[in-house]
Amino acid sequence: MSVILAIESSCDETSVAICNNGKITANVIANQTIHQNYGGVIPELASRVHQQNIVPVIHQALLNAKVNKNELNAVAFTQGPGLLGSLLVGVSFAKSFALALDLPLISVNHMHAHILAHFIDDPKPEFPFLCLTVSGGHTQIVLVKDYFDMEIIGETLDDAAGEAFDKTAKLLKLPYPGGPLIDKHAKDGDPLMFKFGEPQIRDLNYSFSGFKTSVLYFIRDREKENPNFIAENLNDICASVQYSIVFILLNKLKKAAKQLGIKEIAIAGGVSANSGLRTGLRDLANEHNWNVYIPAFEYCTDNAAMIAMAAHYKYINKEFVGQGIAPLSRMEF
Ligand code: KG4
Ligand code: ZN
């Protein structure tokens, strides 16, 4: 039996989940809206809001799971990667909570957890599988051999896919985070209306900085001819941007699957909520006979349920850490 409380605070979501014997019984997420005023996450503000949110979110998670804190068996937390000030709030709270309740501590790698979100619900992928992990900070193709035996076989050399969405959205004067808004406008647009530069990167790696620049020049040139170009073509621009990013992402995933002869394919991270990516992956699955695994929306963007799931597997192996543990903004995979 194990009842684990898990805390996620790596960026701008304060989240707490409870995992009862491998089943998620609570997953509370407090979003920080303050960053919308600045067009991106302000680290200093993020850590302050985590500090304000953490205790109410803990209470709510215990209430939702109908668990008393004295019934807990372990406390888990995101160690990294992430914003140091944000991580510090979660790590410090977890350490104090575990010390007060005399419980073991479990540290979790945020990127492992995004992938292990696939073990929350059925159907679960079989090892070995490939996971395209696409978030605001990362873009990786990961060969997952076991719960904690993972190898990055391709990754971005500059911007992450989420950044490509968010920075393009900013060029289109959409508020932060722009990824979901591009997705929304794309639904009513023509994906083949405009073409943007496709990066020529070798191996299984990605690059999105050139793509972002090509959108910047495209908009600058069109606005010279028509100052209302963005407003008049927003849906078509969003659909074309989304189509290009998804095309780049899936092309390398296809290449990786072919090279390794793997047909178990998953996506994870905030950008896996993108409707174009989800549909594109399902189409590829039909074409190539893949079994694809797409997380429920609530487990795509940052959440503590995925931290709790990873902690569940560490608890089984009694993989605990001491009170000397520190957050790591850049963490080894
Ligand atoms: O995994 P996540 O919540 O946080 C990080 O660990 O970075 O990912 C956040 C990223 C943001 O860049 C956001 O714009 C993007 O995921 N995102 C989306 C969508 N939903 C979230 N991008 C495109 N389409 C979406 N529907
Ligand atoms: Zn994340």
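1. Helices (H or I, at least four residues) and strands (E, at least two) are taken here as DSSP runs, numbered from the N terminus. On that numbering, P81 sits in the loop between β4 (74-80) and α2 (84-101). The structure is a predicted model.

2. The peptide bond joining G80 and P81 is cis, with omega at about -10 degrees. As noted, P81 belongs to the loop that runs between β4 and α2. A cis bond is also found from F127 to P128, where omega is near -5 degrees. P128 lies in the loop between α3 (110-116) and β6 (129-134).

3. K173 has a positive phi, near 65 degrees, although K173 is not a glycine. The residue is located in the loop between α4 and α5 (179-186).

4. How do α4 and α7 cross? The axes of α4 (residues 161-171) and α7 come within 11 Å, at an angle of roughly 165 degrees. Since an angle over 145 degrees counts as roughly antiparallel, α4 is roughly antiparallel to α7. The crossing is right-handed. On the α4 side the contact uses A161, A164, F165, T168 and L171, and these meet I230, V241, Q242, I245 and L249 of α7. By class, this contact of α4 with α7 has eight nonpolar residues, two polar and no charged ones.

5. Helix α6 (residues 209-225) packs on α7 at an angle of about 160 degrees, with the axes 12 Å apart. The two helices, α6 and α7, are therefore roughly antiparallel to each other. As they pass, α6 and α7 make a right-handed crossing. The residues involved are F211, V215, F218, I219, R222 and E223 from α6, with F229, I230, V241, S244, I245 and I248 from α7. Sorted by class, the contact of α6 with α7 holds nine nonpolar residues, one polar residue and two charged residues.

6. Which way does α5 lie relative to α7? The axes of α5 and α7 come within 7 Å and cross at roughly 115 degrees. Angles of 65 to 115 degrees count as roughly perpendicular, so α5 is roughly perpendicular to α7. The crossing of α5 past α7 is left-handed. From α5, the contact is made by I182, D183, H185 and A186; from α7, by L234, N235, C238, A239, V241 and Q242. The contact of α5 with α7 divides into six nonpolar, three polar and one charged residues.

7. V241 takes part in the contact with α4, in the contact with α6 and in the contact with α5. Q242 meets α4 and also belongs to the contact with α5. I230 and I245 are in the contact with α4 and in the contact with α6.

8. The second largest pocket holds about 440 Å³ of space. It is lined by 19 residues, and those closest to its centre are Y243, V246, L250, G276 and G280. Helices α7 (229-260) and α8 (275-288) each supply at least two residues of the lining.

9. Which helix gives the most to the lining of the second largest pocket? That is α7, with eight residues. By class, the lining of this pocket comprises eight nonpolar, seven polar and four charged residues. Besides lining this pocket, α7 packs against α4, α6 and α5.

Note on methods. Residues are numbered from 1 along each chain as its sequence is written. Chains are lettered from A and ligands numbered from 1 in the order in which they are written. This is a predicted model: local features need pLDDT of at least 70, side-chain atom pairs count only at pLDDT 80 or more; totals for chains, interfaces and linings use all residues. Side-chain values use heavy atoms; hydrogens and water are left out. On a 1 Å grid over the protein atoms alone, a cavity is a set of points where a 1.4 Å probe fits but cannot get out, and a pocket is an open set with protein on both sides within 12 Å along at least five of seven lines; lining residues have an atom within 4 Å of a point. Grid points are joined across faces, edges and corners, and a volume is the space filled by probe spheres set on the points. Ala, Val, Leu, Ile, Met, Phe, Trp, Tyr, Cys and Pro count as nonpolar, Asp, Glu, Lys and Arg as charged, and the others, Gly among them, as polar. Axes are lines fitted to C-alpha atoms, for helices over the stretch in contact, and angles run from 0 to 180 degrees between N-to-C directions. Angles under 35 degrees count as roughly parallel, over 145 as roughly antiparallel, 65 to 115 as roughly perpendicular and the rest as oblique. A crossing is left-handed if the near helix is turned anticlockwise from the far one by less than a right angle, and right-handed if clockwise. Contact means heavy atoms within 4.5 Å.
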